[in-house]
Amino acid sequence: MFSAAAPRRGSGLGFAMPAILLLAAFFVIPVVFLLTRSVTEPQLGLQNYATLVGSSTYAKVFFNTFFVAGVVTLVTVLIAFPVAWALAIMPARWSAVVFAIILLSMWTNLLARTYAWMVLLQQTGLINRMLKAVGLIDQPLQLTNNLVGVTIGMVYIMLPFMILPLMGVIKKIDPAILQAAALCGATRWQALTRVLVPLATPGIASGALMVFVMSLGYFVTPSLLGGTANMMLAELIAQQVQSLVNWGMGGAAAFLLLLVTLGLYAVQLRFLDRKEAA
Amino acid sequence: MKKTMIALAFASALTSAAHAQDMVFTSWGGTTQDAQAAHWAAPFTEKGGPAVVQDGPTDYGKIKAMVEAGAVTWDVVDVEYDWALQAGKAGLLEPLDFTVIDKAKLDPRFVSDFAVGSFYYSFVLGWNPANFSDAKPATLADLFDTAKFPGTRTFYKWSAPGVIEAALLADGVAPEALYPLDLDRAFKKLDTIKADIIWWEGGAQSQQLLASGEAPIGFFWNGRLSALQADGMDVGISWDQNITAADALVVPKGAKNKEAAMKFIAEATSAEGQAAFAAATGYAPVNLGSADLMDPAIRATLPDAQTAVQVNADMAYWAEHRDEIGNRWYAWQAQ
């Protein structure tokens with residue numbers, strides 16, 4: 001068995017070579033260049049990293065980045081789970097339609113979608129005017145230029161990335177298990193929290209990681225729907241590179257973000273491995 | 001069949017020859033670049049110059065990366081004037097060829113070794129009359145007075161000449177005493193309205209904020225307010241202490257079509273090119289001969305008709321302190 005598996009693994013690597021070369025040329029080498037600039041501009045040393053770590057402003061930007069990504073991930077999970085569940089148990093014809101609607105939103109231009117939210121959410125926007133018209137509020141709610149705006153805009157964009165992996169996992173869960181839970185006297189809530197959610201955990205975990213990591217590096221939506229007080233790291237990098245032409249600082253910030261992301265990914269791999277082993 | 005083949009080969013040879021000579025002009029997009037394409041690039045090509053490919057938006061990080069990598073694909077770039085001065089000193093730009101570009105006719109405020117003005121504009125106080133039916137805001141002090149004129153106000157998001165000057169003028173600093181900028185005082189003044197500020201990142205967004213009433217008052221590029229008026233919207237403009245800043249045309253170091261680039265700049269800064277561009281955009285010409293070519297009614301709406309109440313942002317000062325101010329500006333915004 002072992003001897004048969006070994007050559008197969010070797011030839012697989014050969015087939016993967018083009019992909020590996022492509023990644024090296026268009027991903028690894030640019031990252032190495034960026035890393036080099038971050039320790040050589042304006043002079044050799046770690047001064048860019050020292051500035052980043054030492055300044056309270058940048059600390060706040062780091063905190064914002066993780067906080068916003070965390071909030072977005074949490075809200076996305078809470079919304080995506082029932083949607084994915086509904087999609088999984090719906091008649092196939094219906095689920096195909098809902099699925100198409102979800103995918104359609106993914107294919108629409110990101111900037112256009114963000115602007116659409118701006119128009120809906122602003123103080124003179126549709127939502128505030130409707131709430132005012134039905135008499136629910138006197139003063140318009142502040143829904144843009146703050147955390148609320150960023151969260152709404154980003155959750156909307158991230159939802160498909162959570163629904164897809166979740167749906168895959170939920171579909172594989174044997175409905176008989178839920179029936180068994182009911183027969184054993186579990187309430188609906190117990191069936192959800194003690195049976196369905198634990199079984200769907202791998203889907204939740206992989207979806208959450210994807211959403212969290214994508215949110216960490218997001219630029220357009222936070223920039224347009226958030227205020228400067230919620231500034232995230234991607235915006236800091238854009239300012240440093242585009243406005244101040246400071247590749248050193250921009251590179252350092254980008255590299256720190258990459259490190260954190262890779263670290264998270266490693267933790268997740270460990271966590272999933274252990275789950276599967278157990 | 002054979003004939004078509006030859007014709008096709010010939011045609012493709014022709015187009016590839018033309019491509020080899022094409023030059024690239026990069027600007028900020030939107031209606032401004034449309035006007036630059038129509039009133040500078042089109043006549044330039046018509047008079048025998050190469051075809052001009054439009055690219056964008058302008059990105060300073062990209063310019064620096066291109067120059068350092070020795071792979072410059074932009075021949076002429078529209079940049080902010082203070083950045084041009086700084087970049088010229090840093091060795092990122094080609095010196096301009098003033099045997100091709102006639103600098104005698106240009107407004108001396110906007111001529112330097114590495115850059116000439118592209119156009120100049122004013123930051124002006126603008127407001128939506130629907131939101132201010134009684135008292136009308138008139139001065140920069142009103143712009144910072146949330147008691148008298150409550151509501152969200154909108155300002156330019158990026159670190160650039162304009163907003164800091166406005167804060168100091170509103171706080172009572174005399175125009176001739178603006179420089180060196182008292183940043184502590186400026187940020188203290190800005191702190192008083194910080195909670196009421198929405199930042200605009202580009203011209204289109206500033207128009208949207210004002211027109212929708214989301215930010216009924218703010219500090220705008222004058223051309224964007226002219227465009228709203230041209231669309232039939234009622235917009236209040238106060239030119240009192242309008243603050244001028246300029247864009248510049250530059251050639252990145254190592255540009256592939258240097259000669260054509262110089263000729264393009266000559267065409268763009270000609271009296272005709274500047275006059276046509278100004279009429280289309282509401283920004284002021286940098287060529288002193290343009291005024292005579294323009295409809296006086298249009299001229300009256302441009303910043304160069306408002307010189308009596310004008311404050312000039314000091315581009316040399318900004319070029320010198322751009323990074324220092326920028327770092328502080330962004331840190332203050334994020335707080």
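Two residues are taken to be in contact if their C-beta atoms, placed from the backbone, lie within 7 Å. The structure is a predicted model, in which local features need pLDDT of at least 70 and side-chain atom pairs count only at pLDDT 80 or more, while totals for chains, interfaces and linings use all residues. Residues are numbered from 1 along each chain as its sequence is written, and chains are lettered from A and ligands numbered from 1 in the order in which they are written.

To start with chain B, its residues split into domain 1 (2-120 + 246-308) and domain 2 (123-244 + 321-334), with the bounds coming from an automatic or database domain assignment. Taken over C-alpha atoms, the centres of these two domains of chain B sit 29 Å apart. Where the domains of chain B meet, 14 residues of domain 1 are in contact with 12 residues of domain 2. On the domain 1 side, α2 (30-46) and α4 (81-89) of chain B are the elements that give two or more residues. Of these, α4(B) gives the most, with three residues. Sorted by class, the domain 1 side that touches domain 2 of chain B has five nonpolar, seven polar and two charged residues. Here Ala, Val, Leu, Ile, Met, Phe, Trp, Tyr, Cys and Pro count as nonpolar, Asp, Glu, Lys and Arg as charged, and the others, Gly among them, as polar. Helices (H or I, at least four residues) and strands (E, at least two) are DSSP runs, numbered from the N terminus.

One residue of α2 in chain B is Gly30(B). Leaving aside residues up to four places away in sequence, Gly30(B) touches Gly203(B) and Ala204(B). Gly30(B) counts as partly exposed because 15 other C-beta atoms lie within 10 Å; the cut-offs are 20 or more such atoms for buried, 12 or fewer for exposed, and partly exposed in between, with C-beta atoms placed from the backbone. Between Gly30(B) and Ile298(B) there are 268 residues of sequence separation and, C-alpha to C-alpha, 21 Å in space.

Then there is strand β3 (residues 76-80) of chain B, which is mostly covered, five of its five residues being buried. β3(B) pairs with strand β1 (residues 23-26) of chain B in the parallel sense over two bridges, where pairing calls for at least two bridges found by DSSP. In that pairing, Phe25(B) has Val76(B) as its bridge partner in β3(B). β3(B) also pairs with strand β8 (residues 236-250) of chain B, this time in the antiparallel sense and over four bridges. Val77(B) has its bridge partner in β8(B), namely Val250(B).

Of the 278 residues of chain A, 29% count as buried. Among contacts in chain A with a separation of 6 or more, 76% come from residues 24 or more positions apart.

As for how the chains meet, 16 residues of chain A are in contact with 18 residues of chain B. On the chain A side, α3 (56-89) and α11 (233-243) each supply at least two residues, and the largest share, four residues, comes from α11(A). By class, the side of chain A that touches chain B divides into six nonpolar, nine polar and one charged.
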